[in-house]
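Q: Please take a close look at one part of this model, the surroundings of the ligand. Which residues and elements make up the shell around the ligand?

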Amino acid sequence: MEREIHPAVTDAADDIAEMEIRGAATIADAAAAALGEQAKASAAETPTAFRAEMRAAARQLHETRPTAVSLPNALRYVLRGMSGDTVPELRASVIGSVNEFRRELDQAQDNLGQIGANRLRDGDTIMTHCHSTDALSCVRHALADGKEISAIVKETRPRKQGHITARQLREWGVPVTLIVDNAARRYLDDTDHVLVGADAIAADGSVINKIGTSGLAVNARERGVPIMVAAQTLKLHPGTMTGHTVEIEMRDEREILPDDEREAIGEVTVENPAFDVTPPRYVDAIVTERGQFPPESIVTLMRELFGDQHSGEPWDE
Ligand code: RI2
């Protein structure tokens, strides 16, 4: 049967796929909000139809981008909070859990920021890769604590999210030096901390983040620069506790090579992975809202948070 999917869900799904909405936490927030709109507008007449509609909306959102685990974690949170025997009860429970989820997301980012800020000293220079709201929360708190922070911002090819980071930091009055990705090793000598976010953290402490993070981490380790990953617990990937791997999104080749330039070159293969995996040995600390962890011990937190809940996905029919 065709389910009524609200345009707010379809629009959010399109915007996530096209990266109009991007960044793991922002994607999670938008997906939860879209489920809330679906619940509010639903014309389902029976609890069974309402539940089916919510599951279909979640599936559509889930299919947009495969790597950031914050997206399925958000959908799970909302759907697992759905309870009641009537449509009004179900609707109220979904709206309630969406609001709770979004509040917790903000709170977690804030708490994480304070913990991350404690690692930064007055006068430090950070190097960033891509644009991470979790990582920037650490800088915001360090500034609020009265510390002076400077930033070396990597451009981050191919989509140049480094520009978003640079703009935000400038709004906060942080001196910014923008560099191309290839210049990172040279500027590590002027860097006190590499500070990045994450799209997913695996049970072994591996960090899945924007392509280029792993090379940066290896270089930083070689130069003796500590690498800190700001990732609220929403980025912890429950499936990796039972042996699943994290799928790396492959994006459109035209993000790297537009058609006209490709024609001029001739026959080539183009690969555009959006993310890579940084092994735990290159990461000094994963900063979450529950404290900072050496990557190898993150599994303890995962066990505490997820237990052994593993009984299918709440959006499956
Ligand atoms: P926050 C981004 O992915 C970057 O990889 C960034 O580090 C990560 O999401 C986390 O972002 P993309 O959506 O959740 O730009 O910290 O591909 O904002």
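**The ligand shell**

A: In this predicted model, domain 1 (7–111) and domain 2 (115–306) both contribute residues to the shell around the ligand, so the ligand lies between them; the domain bounds come from an automatic or database domain assignment. Residues are numbered from 1 along each chain as its sequence is written, and side-chain values use heavy atoms, with hydrogens and water left out. Because the model is predicted, local features need pLDDT of at least 70 and side-chain atom pairs count only at pLDDT 80 or more, while totals for chains, interfaces and linings use all residues.

The ligand is surrounded by 19 residues, of which R22, T133, D199, N209 and K210 are the closest (a residue is near a molecule if one of its heavy atoms lies within 4 Å of it). By class, six are nonpolar, seven polar and six charged; Ala, Val, Leu, Ile, Met, Phe, Trp, Tyr, Cys and Pro count as nonpolar, Asp, Glu, Lys and Arg as charged, and the others, Gly among them, as polar.

Taken alone the ligand exposes 450 Å², and the protein buries 100% of that; accessible areas come from the Shrake-Rupley method with a 1.4 Å probe.

The ligand sits in the largest cavity. On a 1 Å grid over the protein atoms alone, a cavity is a set of points where a 1.4 Å probe fits but cannot get out, and a molecule sits in one if more than half of its atoms lie within 2 Å of its grid points. The elements giving two or more residues to the shell are α2 (24–41), α6 (133–144) and β6 (207–210); helices (H or I, at least four residues) and strands (E, at least two) are DSSP runs, numbered from the N terminus.

Terms used. On a 1 Å grid over the protein atoms alone, a cavity is a set of points where a 1.4 Å probe fits but cannot get out, and a pocket is an open set with protein on both sides within 12 Å along at least five of seven lines; lining residues have an atom within 4 Å of a point.
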